[in-house]
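Thank you for asking me to look through this model with you. My notes follow as numbered points, meant for a reader who is meeting the structure here.

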Amino acid sequence: MKVTVFGIGYVGLVQAAVLASVGHDVMCVDIDEQKIDNLKKGIIPIYEPGLTPLVEETYQNGLLNFTTDAAKGVSHGTIQFIAVGTPPDEDGSADLKYVLAVAETIATYMTDEKIVIDKSTVPVGTADKVAAKIAEVLAKRKQSIPYDVVSNPEFLKEGAAVSDCMKPDRIVVGTENEKSRVAMRELYAPFNRNHDRMIFMDVRSAELTKYAANCMLATKISFMNEMSNLAELLGADIEAVRHGIGSDSRIGYQFIYPGCGYGGSCFPKDVQALVRTANEINYKPALLEAVESVNYAQKQKLFTHLSNHFKGDLAGKTIAIWGLSFKPQTDDMREASSIVLMKALWQAGAIVQAYDPEAMEECQRIFNDNDNLALMGTKESALKGADALVVCTEWSQFRAPDFDLIGNALTTKVIVDGRNLYDPQLLNERGFAYYAIGRGDSV
Ligand code: NAD
């Protein structure tokens, strides 16, 4: 099938490459000229396992193409994906300006029937707004061309985006149009062979499904973080509690890790956006507000541990940070706990020496001329002469480090572990002050 994807970010690029890999003819459109130029040269703008070979292969065999020419993009695909960003507006609601700009572009250039798919995460009612925008532009053009707007939210996880798109748990499609339904079945048939993963519903339910999924996951995290705070105050170990509750099959082990707060481009903004949607219809979403405020507080914990250890005097101290991305296997730092920590440290007069396996360029881009940030080439060099080590992201290479080396490199043996990677007793025996999440103050 002929497919156009607008917005070549984490979602758009992965989706486009995966669709091309099964034989669809895909045109990628982005307004970022640099990004499109780089992609044509084989420079992939993001780190995502398995993505580079997939893009290279599909670009070389001609099924994946890149352009900034919107008219070319619109004329290419019968199917037009909108996969642009929906960042939070000032009041927390999803900013739809990029989505509606693409709708306007499609309507401006379309000359034949189109199925427009909202792939971006958008509030309930957005498909109606996209349809209204297309109708408005077509009316101005005095054209009557058929189109349908379908909701098809994306559930990929950064860090596993390619495999999630290749083998999705489910493909949610919101449409009541039979023609679109048939087209969506055909589009996704290669990913739907093992068993039927397609779940059809009305458009508004599909839009809400995406928010409900992310808010449920964020709720699990904030719930565990609240339990971890209680564990800390009550002298219990949250890791034992986690094992204890995860063994209940109604609860399960997945997504109940306590930590230094959730980040990323989705959970924080999607929880806020659903709160905003609820406010607009005069509903007070008490649980979602609590999820958000627990997460906000949790992101301050790493700094609090450091500040308490150094008795409020962090001026002139050097803090080593392992892990900058909001989670492992990605270079994405949007809303990462590391950012909250670094800003608090700089505010307190400390210097940061940081290392991340993939997010160093991104960190450089965000904080390009900050004199109090040194990005180090290895996890070992980040430790040299530092007064403490903080682990912000649970990359696998941080899981079993050489503690003798850490102890020798640091000027004081202090580890703050935002992901509960280490054994408190072992670190205690080796003479470290060790602060984790919900495992007592310092063991
Ligand atoms: P992103 O910021 O990585 O990419 C968005 C891209 O859209 C950018 O390259 C930007 O230049 C481009 N763009 C903006 N306006 C455009 C226009 N008018 N025409 C063409 N391109 C334009 O965003 P992302 O992380 O891929 O997220 C996209 C959407 O998918 C969001 O709504 C997000 O909530 C949702 N989503 C993201 C994830 C994730 O893990 N990142 C997962 C599921 C859903």
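1. Which residue stands opposite V391 in β12? Please bear in mind, before the reply, that this is a predicted model. The residue that stands opposite V391 is W322. The pairing to which this belongs joins β12 with strand β9, residues 318-322, and it runs in the parallel sense over 4 bridges.

2. Strand β12 also pairs with strand β13, residues 414-417, again in the parallel sense, here over 3 bridges. Taken together with α16, the strands β12 and β13 make a β-α-β unit, and its hand is right-handed.

3. Is F398 buried or exposed? F398 is buried, because 22 other C-beta atoms lie within 10 Å, where 20 or more are required for that description. Setting aside its neighbours within four places in sequence, F398 is in contact with W322, G323, K379, V391 and L421, so that its partners include both W322 and V391, the two residues described as standing opposite one another in point 1. By contrast, V29, which is 369 residues away from F398 along the chain, has its C-alpha atom 38 Å from that of F398.

4. At the level of the whole chain, the protein is divided into domain 1 (2-201), domain 2 (211-296) and domain 3 (299-435). The centres of domain 1 and domain 2, taken over C-alpha atoms, are separated by 30 Å, and 11 residues of domain 1 are in contact with 10 residues of domain 2. On the side of domain 1 that touches domain 2, the residues by class are 6 nonpolar, 3 polar and 2 charged.

5. Finally, the ligand is surrounded by 26 residues, of which the closest are G7, G9, V11, S120 and T121. Helices α1 (10-21) and α5 (97-109) each supply at least two residues of this shell. Sorted by class, the shell consists of 13 nonpolar, 8 polar and 5 charged residues.

Note on methods: Residues are numbered from 1 along each chain as its sequence is written. This is a predicted model: local features need pLDDT of at least 70, side-chain atom pairs count only at pLDDT 80 or more; totals for chains, interfaces and linings use all residues. A residue is near a molecule or strand if its C-beta atom, placed from the backbone, lies within 6 Å of it. Ala, Val, Leu, Ile, Met, Phe, Trp, Tyr, Cys and Pro count as nonpolar, Asp, Glu, Lys and Arg as charged, and the others, Gly among them, as polar. A residue is buried if 20 or more other C-beta atoms lie within 10 Å of its own, exposed if 12 or fewer, and partly exposed in between; C-beta atoms are placed from the backbone. Two residues are in contact if their C-beta atoms, placed from the backbone, lie within 7 Å. Domain bounds come from an automatic or database domain assignment. Two strands pair if DSSP finds at least two bridges between them. A crossover is right-handed if, with the strands pointing away from the viewer, the path from the first strand over the helix to the second runs clockwise.
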